[in-house]
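Dear colleague,

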Amino acid sequence: MKRLVLALACAGLISACHSNGDSRPNAKQEAKQFDSAIASVLAGDWRSPENKARDKYRHPRETLGFFGVKPSDTVVEITPSAGWYTEVLAPLLKEKGRYFATVTDPAKTSSEASRTYNEKQNRALREKLAARADVFGNASLLEIDPKAPVIGESGSADVVLTFRNVHNWMGAGTQADMFEAFFEVLKPGGTLGVVEHRANDDVPKGDKSGYVSEAQVISMALAAGFTLDARSEINANPKDTKDYVNGVWTLPPNLRDGEKDRAKYLAIGESDRMTLRFKKPL
């Protein structure tokens with residue numbers, strides 16, 4: 001009788017009971033597959049020397065590993081800008097997963113300058129993907145209204161990732177809407193990964209520094225229904241003093257001050273960044 005109960009349990013709960021014939025990878029196999037895949041992607045000839053040079057600041061292998069991204073996942077990247085992480089994620093997910101990126105719908109912007117900017121940026125990203133379809137595969141762009149974001153079908157994504165965007169949403173007052181959209185698109189148990197320029201303390205409304213405190217980001221995610229799963233110092237930079245007149249853009253890669261104190265800012269490197277992993281409850 002006990003054997004019958006065990007057999008029925010295994011039949012109904014496949015994830016908990018693996019037969020000898022189960023070909024699905026276990027955690028160690030998945031980690032090995034990820035390491036092999038990400039090493040190949042990071043060495044890819046589609047990545048420019050300038051982008052590869054930033055690996056020492058952005059730590060893509062460690063960051064995506066911390067977020068638990070697997071080559072079989074459906075991943076949504078929020079506002080990829082010129083596509084630095086697109087060049088990593090889309091090839092990584094090409095064979096077994098899917099990569100989606102949200103971009104701003106130019107028709108939903110508030111000014112002609114914003115429309116022109118987003119039209120140009122979206123066109124450039126589409127051209128990047130089309131130029132190397134052999135690498136980027138089935139990568140897709142989704143235009144969204146930032147004031148009423150809908151990010152794909154509800155419960156369709158394994159992972160949502162955002163890199164250095166939260167300060168922009170705070171400036172526009174859309175942060176609550178964005179985090180709620182992330183929660184909606186994720187499957188139960190799905191992961192939200194956030195990397196953001198880290199302020200030492202909470203920043204006030206209207207702050208233009210580009211930095212945000214960890215407490216502020218965590219509060220946004222919790223309010224949307226997420227739980228904080230883990231923090232990492234992968235992208236920390238203790239040399240960042242965070243006291244620049246031109247904010248975070250004073251540092252590389254922007255170097256907004258031009259030649260003024262250029263060597264100093266290059267020696268500091270890119271900004272100090274929080275790396276937070278959240279989960280949508282089961």
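This is a predicted model: local features need pLDDT of at least 70, side-chain atom pairs count only at pLDDT 80 or more; totals for chains, interfaces and linings use all residues.

Residues are numbered from 1 along each chain as its sequence is written, and side-chain values use heavy atoms, with hydrogens and water left out.

The largest pocket has a volume of about 1,400 Å³, a volume being the space filled by probe spheres set on grid points that are joined across faces, edges and corners. A pocket here is an open set of points on a 1 Å grid over the protein atoms alone, where a 1.4 Å probe fits, with protein on both sides within 12 Å along at least five of seven lines, and lining residues have an atom within 4 Å of a point. Its lining comprises 50 residues, with Thr 79, Tyr 117, Asn 165, His 167 and Asn 168 nearest the centre.

The second largest pocket, at about 240 Å³, is lined by 13 residues, of which Ala 37, Pro 91, Leu 92, Lys 94 and Glu 95 are closest to its centre.

As for the helices (DSSP runs of H or I, at least four residues, numbered from the N terminus), H2 (residues 27–42) and H5 (residues 60–67) have axes that come within 10 Å and cross at roughly 145°, the axes being lines fitted to C-alpha atoms over the stretch in contact, with angles from 0 to 180 degrees between N-to-C directions. In this contact (heavy atoms within 4.5 Å), H2 contributes Phe 34, Asp 35, Ile 38, Ala 39 and Leu 42, and H5 contributes Pro 60, Arg 61, Leu 64 and Gly 65.

With best wishes

Notes. Helices (H or I, at least four residues) and strands (E, at least two) are DSSP runs, numbered from the N terminus.
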